[in-house]
Amino acid sequence: MRDIEWVKDAVFYHIYPLGAFGCPRENKGLETAGHRILKLIEWIPHLKEIGVNAIYLGPIMESGTHGYDTYDYYKIDSRLGSNEDFKKVVAKCHSNGIKVVLDGVFNHVGRGHIAFSDVVKNREKSSYRDWIAGLNFGGNNWHNDGLSYECWSGAEELVKLNHRCDAVDNHILNAVGMWIDEYDIDGLRLDAADCIERGFFNRLKNFTEQKKASFWLMGEIIHGDYNIYVNENMLDAVTNYECWKGIYSSHNDHNYFEINYAMKRQWGQGGLYAGKYLYNFIDNHDVNRIATLLKDKENIYPTYTLLFTMPGIPSIYYGSEWAIEGDKNSKDGDYALRPEIDIKNMSNPDLLDHIRILSEIRKSSVALKQGIYEEVQVRNETLVFARVYEDEYVIVALNNTAEKKQLSFDFRGEHYDIELEAHGSKILK
């Protein structure tokens, strides 16, 4: 029987290791090798201070550049270190009560993966010819390989795998088994999950359940009905992009009706995802930093309050607890979202304290961790909602303006008169 109850108590921290720990952008083997993954151990006291008890690590498997062009599913990227380095990191995290979830980039591989390299070299005689989706020896590509193939979003350096080939699934499942058996990882985030043949997720879930009952599977899904993926046969959670957009735009547009509608739709009485724990975030490695997205930077406070009190699993993207900025439309592109950080030089005590308190409140409340969503009062500039679990409830009030707000409302037979500070929030038990 699966036992993923730990997720209900989770406060996630998302790190993009190749950026955070200062790796060269191109993997040049011994020339760029290091033991940079060990820097994560230095971060553990900080993570515990703000209440983090689970980390999701962006791609750490051997790749050519940004990590999503995997060369080898069985070893750590040499820029980050060795597999033994990673074993030390996981053990240290676990001894501090922190779960470890890895990025599983299983939709595609880099051109340096053995399967693709062999196909280019041996063509029709390659034993890997069935591994590559849409392989056509009569076509060509920008690299003039004399063949064409499917790739992710038109990027030819990301070669799509054929998950209808048993050998592909076996190759990946054996790698996942290794990371569980030898390193005791706690879960996977599945990159580009909406592009993968869905039967693979069923096989993955059955496989990991037998390996480790508490193993958690989360998929990267942007649009559509999340129930297609979050069910007993496939995944445990997906990335909640619907609410990501609603969170920041509700603050920017002074329109809490937007996020209130989304939360009622997802988690209200009879909501689409009632009883399911979606992965909530306010920024990540693919979208602009929240401090960049927000027109009024002070709204970062009610934004974090919302992240920690809405239904689902809260996740902090590394660096945003200090309100650093990052714009993917800058000359640095996605790398602007994935900077190196020396935590000894970072400071934002007010925001860190706010996040720490939110973590403590959330962990101490069954209603915040498991309750349904109930609208109490919604206005353009203020929002009051409740999280209700059986007889327990918590009321949350938010203000997205630079002015104090006086609120008056009723809930469950009680009357409330409260004042919210500018960009303020209150959590009433």
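1. **Before you start.** This is a predicted model, in which local features need pLDDT of at least 70 and side-chain atom pairs count only at pLDDT 80 or more, while totals for chains, interfaces and linings use all residues. Residues are numbered from 1 along each chain as its sequence is written, and side-chain values use heavy atoms, with hydrogens and water left out.

2. **An open sheet.** Look for the 4 strands that form an open sheet in the order β14-β15-β16-β19, with antiparallel pairing. β14 (372–378) and β19 (425–428) are at the edges with a single partner strand each, so one side of each has no neighbour in the sheet. On average, neighbouring strands here are turned by 20 degrees against each other, direction ignored. Helices (H or I, at least four residues) and strands (E, at least two) are DSSP runs numbered from the N terminus, and two strands pair if DSSP finds at least two bridges between them.

3. **One pairing in detail.** Strand β16 (residues 392–399) is joined to β19 by 4 bridges, and the two run antiparallel. Leu 398 stands opposite Ser 425 in β19.

4. **Two helices across the sheet.** Helix α8 (residues 256–267) lies across β14, β15 (382–389) and β16, at about 155 degrees to β14. Helix α10 (residues 300–309) lies across β15, β16 and β19, and runs at about 160 degrees to β16. Axes are lines fitted to C-alpha atoms, for helices over the stretch in contact, and angles run from 0 to 180 degrees between N-to-C directions. Contact means heavy atoms within 4.5 Å.

5. **Thr 32.** You will find Thr 32 in the loop between α1 (17–20) and α2 (39–49). Thr 32 has a relative accessible area of 7%, so it is buried (under 20%, against over 50% for exposed and in between for partly exposed; 1.4 Å probe, protein chains only). Not counting residues up to four places away in sequence, Thr 32 touches Pro 24, Glu 26, Asn 27, Ser 78 and Arg 79.

6. **Ser 214.** The loop between α6 (199–211) and β10 (216–219) holds Ser 214. Is Ser 214 buried or exposed? With 17% relative accessibility, Ser 214 counts as buried. Leaving aside neighbours within four places in sequence, Ser 214 is in contact with Asp 3, Ile 4, Trp 6 and Asp 186.
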